[in-house]
Amino acid sequence: MANVLINVPRQAKRGEVIEIKTLVSHPMETGYRRDQLGREMPRDIVRRFVCTYNGTEVFRADLHPAISANPFIVFSTVATESGTLTFRWTGDNGFSMTESAAITVD
Amino acid sequence: MRRLCVALGAIALAVSAFAAEIPPSDRRSGYDFMSRETRAMQDDDTANPGMLSVLEGGTLWTRKAGGAGKACADCHGDARTSMKGVAARHPSFDAARGRPVNLEQRINACRVDRQGTPPLAYESRELLALSAYVARQSRGRPIEIAVDARTQPFLDAGRATFHRRQGQLNLSCSQCHDDQWGRSLAGNTIPQAHPTGYPIYRLEWQAVGSLQRRLRNCFVGLRAEAYEYGAPELVDLELFLMWRARGMTFEAPAVRP
Amino acid sequence: MDDRCSRRRFLGTAAGAAAGFGLASVIAVEPARATPSSMQDAIRKVAGAATLTAGRVKLELPPLSENGNAVPLAVRVESPMTEKDHVKAIHVFTEKNPQPDVVSCHLGPRAGRATVATRIRLADSQTVIAVAELSDGSFWSDRASVVVTLAACLEGGP
């Protein structure tokens, strides 16, 4: 089970630029480390993060092993209308995690 | 490298026979020695990765488990009130065991005796989550360790471990943390070793870990034998360190480098 | 003497036991580190033959980091973020990590502000470069150097 922490204002004025912070639990194993027995630890990372706003993509990030464990991503978007922001993380070994947040715009 | 040799040499030479206790007005949390960036990571709940563990602990708190089919919440209710200050007074004396137990052991005692489930392994994701969740409820509370005739011998044992020179480096914890705090050791500032924020998210681990994990790292640092998780010696050391930090503000889940 | 006093040996643990833990192992032993030239290649992959101009981009990194496992990074690009004139992408590259690519963020006018932040791993003290791709096809960049110190008491043993 992956845990997700998202910080989105519940309410915003139309046209206001809002900051969104996201944190997802994931080891981001680089693929460059070895375990105690000297065996290579296979890469296991989140490769992509996408945010959609009422179905339209507003932000996307492609991540590489240099992103810290438990990826923290901060970005912004313009509050256009009330609705739902959906966040999706996908990665190695079929990792997939979706979370959403409601926003009221007036 | 050279600087480190000099620094360690100075520490080894500065043998103080009477390592004095740090007076309350000079006590500093590890937080105070961290960079602005690392402090910001701890201060902002939405940036502090330790909060992911707290979040998971909150889910486990209400999950029914074991033969009794009871969740923590069924007996303890809202953790925000029932667990307030609890982590800040652990380790605490457990009459049944006749010795102090730390927070993880207390939680496991409830798992076994009250829920009828096997204990959770030390440093397992679930135990860290539950202890982070319980510890979070003490944030902002003063550390208060009750000392009486029953706990005194354990406190003394912990103090003795802290002051004993050990390992291949033949240094005591006290030589660094009572006598040399604030000095730089090859880029790291030596803190006072107050366990104000455990479990912590440690950047070096890239994960949440307990005070015992941190203490074991220090024994390894001294190139001394590290006690096993749950060893009475480690719990006594925890008790001493928490008592030594009495009155300081609890700040779990802290972030440390 | 220098060797015996290497702090990983001294405060850490036997080198062997340390493998698999901590920063030393994040730095790969096997794969060659990204050299400035492989970083240039990675930049060319996104910018093609376009000229990279210094300016408009502000890469914020602490000059000194206590631990290379999580170094806070922010990139701010000056842009009106309108349909006609906006930042399309922000890319970050490193010089000495095993791989030069760090992150590529795709945004547009709906971002309102061309600002992103994250936390990155730095295997060593090195230079980091941020590149912004604008809607008019121009590329802008900024660079910053970070000195990374290592933690003292490391994990050891089983």
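**Entry 1: chain A by itself**

I began with the make-up of chain A. I found eight strands and zero helices. Reading from the N terminus, I wrote the elements down as β-β-β-β-β-β-β-β. I also looked up how far the C-alpha trace of chain A reaches along its principal axes, and I got about 60 × 20 × 20 Å.

**Entry 2: where chain A meets chain C**

How many residues of chain A are in contact with chain C? I counted 34 from chain A, facing 36 from chain C. Together the two chains bury about 2,900 Å². Carbon and sulfur atoms make up 48% of that area.

Next I went looking for salt bridges between chain A and chain C, and the rule gave me zero. Polar contacts are there, though: I noted 21 residue pairs between these two chains, both residues at pLDDT 80 or more. Sorted by class, the residues of chain A that touch chain C came out as 19 nonpolar, nine polar and six charged.

I also spotted strand pairing across the two chains. Strand 5 of chain A runs antiparallel to strand 6 (residues 101-106) of chain C, with four bridges between them. For A:Ala61, I found the bridge partner C:Cys105 in that strand of chain C.

**Entry 3: where chain A meets chain B**

Here 14 residues of chain A are in contact with 13 residues of chain B. The buried area is about 1,100 Å², and 58% of it comes from carbon and sulfur atoms.

Which residues form the salt bridge between these chains? I found A:Lys21 and B:Asp44, with N to O at 2.5 Å. As a reminder to myself, side chains of opposite charge can pair when their charged atoms come close. I put the polar contacts between chain A and chain B at three residue pairs, both residues at pLDDT 80 or more. On the chain A side, strand 1 (4-7) and strand 3 each supply at least two residues. The classes on that side are eight nonpolar, four polar and two charged.

**Entry 4: inside chain B**

I checked the confidence before going further. Chain B has an average pLDDT of 92, and 93% of the residues score at least 70. Residues 1-18 of chain B are below 50, and that stretch has 36 contacts in the model beyond near neighbours in sequence. My caution to myself: where pLDDT is low, the predicted coordinates should not be read in detail.

I picked out B:Arg139 with B:Asp45, where the closest N and O atoms are 3.2 Å apart. B:Arg139 sits in the loop between helix 7 (125-136) and helix 8 (152-163), and B:Asp45 in the loop between helix 2 (36-43) and helix 3 (50-61), so this pair ties together parts of chain B that are 94 residues apart in sequence.

Last, I traced a sheet in chain B. Three strands form an open sheet in the order 6-5-7, with mixed pairing. Strand 6 (207-209) and strand 7 (255-256) are at the edges with a single partner strand each, so one side of each has no neighbour in the sheet. Strand 5 (residues 200-202) pairs with strand 7 in the parallel sense over two bridges. In this sheet I saw B:Arg202 opposite B:Arg256 of strand 7.

Definitions and conventions. Residues numbered from 1 in each chain as written. Chains lettered and ligands numbered in written order. Heavy atoms only, no water. Contact = heavy atoms within 4.5 Å. Buried area = accessible area lost by both parts, 1.4 Å probe. Salt bridge = Lys/Arg side-chain N within 4 Å of Asp/Glu carboxyl O. Polar contact = N/O pair within 3.5 Å; in protein donor to acceptor, adjacent residues only side chain to side chain. Nonpolar A, V, L, I, M, F, W, Y, C, P; charged D, E, K, R; others polar. Pairing = 2+ DSSP bridges. pLDDT = per-residue confidence, 0-100.
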